[in-house]
Amino acid sequence: RKLVKDVEEKRKKAKTERKTAYFKRAEKYAAIYKKQYIDKFRLTREARKRSEFLVPAEPKLAFVIRIRGINGVHPKTRKVLQLLRLRQINNGVFVKLNAASLNMLRLVDPYIAWGYPSLKTVRELIYKRGYGKVHGRRIALSSNETVERSLGKKDIICMEDLIHEIYSVGPNFKYANAFLWPFKLTCPKGGFIKKGNHFVEGGDYGNREVFINKLVSRMN
């Protein structure tokens with residue numbers, strides 16, 4: 001009985017310590033995001049005083065949604081969509097932006113809508129529609145333990161760690177993104193406008209930059 005009691009106490013203590021660690025991580029990231037927000041406004045204000053423009057940093061992260069089928073398309077286009085893990089219409093994935101990934105996105109531009117997600121969009125997607133790949137199975141991200149078991153070796157132990165790694169495109173982005181199952185979104189409220197036209201022509205496909213956040217909110 002004493003042995004069982006000791007084991008139970010140790011388990012409870014470990015659980016409490018883990019919860020404290022999760023909370024501290026969340027607090028740390030909240031402070032980082034707050035500082036970034038304040039710095040952005042400060043730099044904008046200083047630039048305006050000098051009659052200059054603040055040039056924002058190049059985006060590092062994209063969210064890509066497949067909006068069209070691939071009947072009769074070139075095999076190369078089909079292959080790129082498979083490499084991006086966009087096997088079904090309304091599937092969405094995060095993509096690290098670099099020269100190679102931008103070339104891939106250009107090749108499949110007429111079949112996708114993409115842009116630069118905000119922190120709010122990343123958080124809502126992972127919390128609301130997040131599923132992880134655990135031993136090849138699609139498992140709902142219903143607890144921090146699911147994340148810790150799969151990504152603990154990469155120092156990603158909770159949902160907030162996962163969100164931060166994705167949003168900031170951290171050193172373990174590749175592992176965090178591979179762990180996330182492609183997001184299965186619904187058709188947007190109000191429907192698409194015209195899938196055959198580019199976004200800048202009043203259509204749907206292509207790069208819509210920050211306006212991807214509005215589309216995701218209609219599909220999430």
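## The sheet

Five strands make up an open, mixed-pairing sheet in the order S6-S2-S1-S3-S7 (strands are DSSP E runs of at least two residues and helices H or I runs of at least four, numbered from the N terminus; strands pair if DSSP finds at least two bridges between them). At the edges sit S6 (183–184) and S7 (206–207), each pairing on one side only. S3 (residues 112–115) and S7 run parallel, joined over two bridges, and Trp114 stands opposite Asn207 of S7.

This is a predicted model, where local features need pLDDT of at least 70 and side-chain atom pairs 80 or more, while totals for chains, interfaces and linings use all residues. Numbering starts from 1 along each chain as its sequence is written, and side-chain values use heavy atoms, without hydrogens or water.

## Helices on the sheet

H8 lies across S1 and S3, at about 50 degrees to S1 (axes are lines fitted to C-alpha atoms, for helices over the stretch in contact, with angles from 0 to 180 degrees between N-to-C directions).

## Cores

The largest nonpolar core has 33 residues, and Ile65, Phe94, Ile126, Leu162 and Ile166 touch the most other members. Such a core is a set of buried Ala, Val, Leu, Ile, Met, Phe, Trp, Tyr and Cys residues joined through side-chain atoms within 4.5 Å; buried means under 20% relative accessible area, exposed over 50%, partly exposed in between (1.4 Å probe, protein chains only). A second, separate core of 16 residues includes Leu86 and Ile112.

## Asn90

Asn90 sits in the loop between H2 (75–83) and S2 (91–96). Asn90 counts as buried because its relative accessible area is 7%.

Definitions and conventions: Contact means heavy atoms within 4.5 Å.
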